[in-house]
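Subject: Structure handover and notes

Hello,

Here is the structure I said I would pass on. My notes follow it.

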Amino acid sequence: MSWKQHLEKVSEGHYVLPRTKTMRVHADLFLSDKLLWGEEGNPEAPALEDAVFDQVVNAATFPGVTRVAVTPDCHVGYGVPIGTIVETDGTLLPTAAGYDIGCGMVQLQTSLTVEDVADPAKRRQWINEVTERIAVGVGATRARKQRKVSDPTLKEVLRHGAKALGRSRSVTERDFIPVEDTGVSIPERAFDKRGQLGSLGGGNHFTEMQVDETGRVWVMLHTGSRGFGWNIAKHFFVAGAAQLGLKSRSEDFVWLDADSPLGRSYWNLHNMAANFAVANRLLIGEAVCGALEDVFGGTASIYYEISHNLIQREGGKFVARKGATRAFPAGHPALKGTTWESTGHPILIPGSMETGSAILFAEAGAEKSIYSVNHGSGRRLSRAAARRQLQQEETDRRMAEAGILLNTRTTPLDESGPCYKNLDDVLETVEQAGLARVAHRLKPVACIKGAD
């Protein structure tokens with residue numbers, strides 16, 4: 001009997017997995033019937049992988065866990081599914097923050113319209129100008145016109161994030177996460193990656209020009225803490241596994257007592273990586289705004305910045321979001337005194353470079369999901385499977401017909417549309433469950449990817 005048969009349907013878009021096996025608490029799964037069971041005969045609407053079950057059980061088994069929620073874009077990850085929120089009391093879960101600590105999004109708003117960017121030659125010029133101003137790709141550190149960050153500024157960034165750059169909290173989820181122990185030692189491998197501040201990276205990270213339903217032009221950015229955060233995460237996965245007496249490559253089960261020396265060290269360095277990520281996105285965003293204004297005229301500015309791989313203190317607990325986005329609705333106490341107090345803050349959801357993205361605002365029902373929603377549409381093909389199954393010529397043809405320009409010579413197959421679930425199905429589930437509403441649906445017209 002499939003584990004799915006044990007799920008209890010609460011309402012449309014909301015199932016509960018009762019406590020089973022080693023689970024300390026039940027888990028709330030925000031899934032439509034289609035996302036859970038799939039659609040027969042439609043390979044683009046697959047059933048949720050059975051392997052997700054064991055990872056949900058793992059998420060609900062950690063010491064100190066008080067709540068678990070799973071978002072509609074969920075899929076198998078490391079330790080817990082991508083698209084999981086775990087609330088804990090007194091424990092920190094490196095696996096529920098992931099390797100790219102602080103990974104997230106920035107949305108840029110512009111005064112431009114679709115007519116202003118209609119010329120493909122101008123969009124190509126913009127792509128070239130952006131890649132002159134920010135380094136793109138795995139391991140990349142410097143572009144020709146990239147802003148250099150001094151060592152003193154970098155030290156301030158690690159402790160004060162956006163605040164060190166003089167940026168207002170009105171455009172950020174939070175301007176920084178406090179680093180309580182300023183004397184904490186940064187692992188050497190992470191320290192060596194400081195030069196990646198202001199660079200985009202590879203994989204699913206991107207800078208994308210988009211047009212909304214009214215014809216207004218936006219730009220969405222996706223990147224994180226780069227090698228700096230990755231090496232901090234790796235350091236504590238290894239150290240935590242050793243402390244718990246776990247076998248090699250058992251990082252999926254690492255947890256840390258928040259009050260222990262190792263837990264305090266992780267918390268401070270996790271926060272440094274988060275601060276690095278916020279500053280990284282803002283530096284890239286400002287460079288991209290400059291490129292837009294130089295190529296197209298008009299104005300461009302940062303609309304909002306938000307993370308989706310992060311642990312934060314909320315309501316006296318630790319809330320870890322792995323591939324999940326914070327969703328505070330209007331009137332939430334954390335938004336008091338901010339621009340977003342009466343509306344809720346924007347939620348930035350990337351889909352794919354073929355099918356587009358979205359901007360959402362939370363509803364009061366987001367409390368059911370620990371004030372969180374999905375962070376994208378969710379992968380349905382692994383990178384290896386995409387390269388095996390998809391045809392380069394066909395993929396390039398679709399992109400050309402859609403008028404989407406790329407910085408790469410050919411379309412990265414492992415980031416093309418068929419690699420991801422249907423974003424509209426995911427967004428429909430979010431609205432069905434009363435978690436958030438879609439404010440804007442964004443279609444891509446130019447995309448900059450860091451080819452691996």
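In these notes, contact means heavy atoms within 4.5 Å. Please keep in mind that this is a predicted model.

Annotated histidines

An unreviewed UniProt entry lists His222 and His308 under "binding site". The two are spread over 87 residues of sequence, yet they cluster in space, with a largest C-alpha distance of 10.2 Å. Both His222 and His308 are included in the lining of the largest pocket.

His222 is in strand 9, which covers residues 216–223. Setting aside residues up to four places away in sequence, His222 touches Cys103, Gly104, Met105, Leu200, Asn204, His205, Phe206 and His308. One of these, Asn204, has its backbone oxygen 3.0 Å from a polar atom of the His222 side chain. Is His222 buried or exposed? The relative accessible area of His222 is 4%, so His222 is buried, the cut-off for that being under 20%.

His308 is found in the loop that separates strand 11 (300–307) from strand 12 (309–314). His308 is buried as well, at a relative accessible area of 3%. With residues up to four places away in sequence again left out, the contacts of His308 include Cys103, Gly104 and Met105, residues that also touch His222. His308 also touches His222 itself, Arg321, Lys322, Gly323, Ala324, Thr325 and His375.

His375 carries the annotation "active site" in UniProt, also from an unreviewed entry. His375 sits in the loop between strand 17 (372–374) and helix 8 (383–389). At 14% relative accessibility, His375 counts as buried. Beyond four places in sequence, the residues that His375 touches are Asp73, Ile82, His308, Gly323, Ala324, Thr325, Ile349 and Pro350. With Asp73 there is a polar contact between side chains, at 2.9 Å.

Where is the kink in helix 4 centred? It is centred on Leu158, and the angle is about 95°. Leu158 is among the buried residues of helix 4, along with Leu154, Val157, Arg159, Gly161 and Ala162. These buried residues pack against helix 6 (226–244) and helix 7 (261–296). Just after helix 4 comes Gly166, with a positive phi of about 75°.

Helix 7 has 36 residues and spans 52 Å from its first C-alpha to its last, close to the 52 Å expected at 1.5 Å a residue. Helix 7 is mostly covered, with 30 of its 36 residues buried. Here too a glycine with positive phi comes just after the helix: Gly297, at about 80°.

Gln55

Gln55 lies in helix 2 (residues 51–59) and counts as buried, at 11% relative accessibility. A polar atom of the Gln55 side chain is 2.8 Å from the backbone oxygen of Gly77. Apart from neighbours within four places in sequence, Gln55 is in contact with Val76, Gly77, Tyr78, Gly79, Val80 and Pro81.

Regards

Conventions:
Residues numbered from 1 in each chain as written. Predicted model: local features only at pLDDT ≥ 70, side-chain atom pairs only at ≥ 80, totals over all residues. Heavy atoms only, no water. UniProt positions renumbered as here; feature names shortened; annotations may be inferred. 1 Å grid on protein atoms, 1.4 Å probe; cavity = no way out; pocket = protein on both sides within 12 Å on 5 of 7 lines; lining within 4 Å. Helix = DSSP H or I, 4+ residues; strand = E, 2+ residues; numbered from the N terminus. Buried < 20%, exposed > 50% of the residue type's maximum accessible area, 1.4 Å probe, protein only. Polar contact = N/O pair within 3.5 Å; in protein donor to acceptor, adjacent residues only side chain to side chain. Bend = angle between axes of the 7 residues up to and from the residue. Expected span 1.5 Å × (residues − 1).
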